[in-house]
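Reader: Happy to have you here! Could you walk me through this one?

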Amino acid sequence: MTRRLGPGKLVIASHNRGKVIEIANLLGPYGIEPVSAFDLDLPEPDETGTTFVDNADLKARLAADLSGMPAISDDSGLCVEALGGRPGIYSARWAIPNYDNFSVPPEAGAGEVESERDFALAMSRVHDELLAQGPEASRDAHFVCALAVCWPDGHNEWFEGRVDGTLAWPPRGDKGFGYDPMFQPAGYYQTFGEMDPSQKYAISHRADAFRKLVAALLS
């Protein structure tokens with residue numbers, strides 16, 4: 001049975017400041033008092049799931065258990081059609097220098113490599129992989145966002161959103177975070193990296209997932 005999310009404190013189970021700011025802005029109108037896992041000095045779990053929902057749930061569950069408060073977590077990534085959906089759930093790991101096969105050993109959790117992430121490198125890796133597919137390779141891609149909300153008593157809810165678009169090269173814009181400068185959403189001439197945050201928030205994969213969350217838990 002779906003559980004309502006009432007006003008009060010909610011842990012945003014992320015150490016990614018860009019995500020924390022974006023989720024906090026989305027929660028603002030609903031009387032939620034967001035506090036980040038980083039500010040609470042909570043650890044990040046190893047992201048050992050095989051889907052976005054799995055990994056979002058791992059992070060939210062740990063934050064709820066350790067804080068004693070409801071927690072929300074996002075797991076999101078860029079899926080490139082010509083690359084068979086890669087980098088997908090490994091999107092953040094493609095930003096880690098000196099890892100072969102664009103993966104991280106299972107024992108290396110997300111929090112252990114956060115400071116080493118270089119998304120200019122990650123975007124170059126995506127571009128290089130596309131070039132290797134040949135000049136006719138599709139530039140179609142989409143972002144996926146899974147949101148998990150977990151309560152300390154074990155109850156949880158999940159929501160997934162998506163936004164379609166194409167990949168731009170070279171990257172454009174210094175707003176947003178992650179792969180935003182190379183992603184041009186369908187129907188727009190700007191990349192996420194060029195858009196004002198309010199415009200991106202309205203159409204992003206995170207906004208799509210959040211609309212579903214609001215309809216189920218907050219409206």
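Reader: Where is the place of threonine 2?
Author: Glad to start there. This is a predicted model, where local features need pLDDT of at least 70, side-chain atom pairs count only at pLDDT 80 or more, and totals for chains, interfaces and linings use all residues. Residues are numbered from 1 along each chain as its sequence is written, and side-chain values use heavy atoms, leaving out hydrogens and water. Helices (H or I, at least four residues) and strands (E, at least two) are DSSP runs, numbered from the N terminus; threonine 2 lies in the segment before E1.

Reader: Is histidine 142 buried or exposed?
Author: Histidine 142 belongs to strand E4, residues 140-150. Buried means under 20% relative accessible area, exposed over 50%, and partly exposed in between (1.4 Å probe, protein chains only). Histidine 142 has 10% relative accessibility, so the residue counts as buried.

Reader: Which side chain makes a polar contact with the side chain of histidine 142?
Author: A polar contact is a pair of N or O atoms within 3.5 Å; within protein, one must be able to donate a hydrogen and the other to accept it, and residues adjacent in sequence count only if both atoms are side-chain atoms. At 3.0 Å, the partner of histidine 142 is glutamate 81.

Reader: How far apart are the end C-alpha atoms of helix H2?
Author: The expected span of a helix is 1.5 Å times one less than its number of residues. Helix H2 (residues 52-67) has 16 residues, so it should span 22 Å; this agrees with the distance between its end C-alpha atoms, 23 Å.
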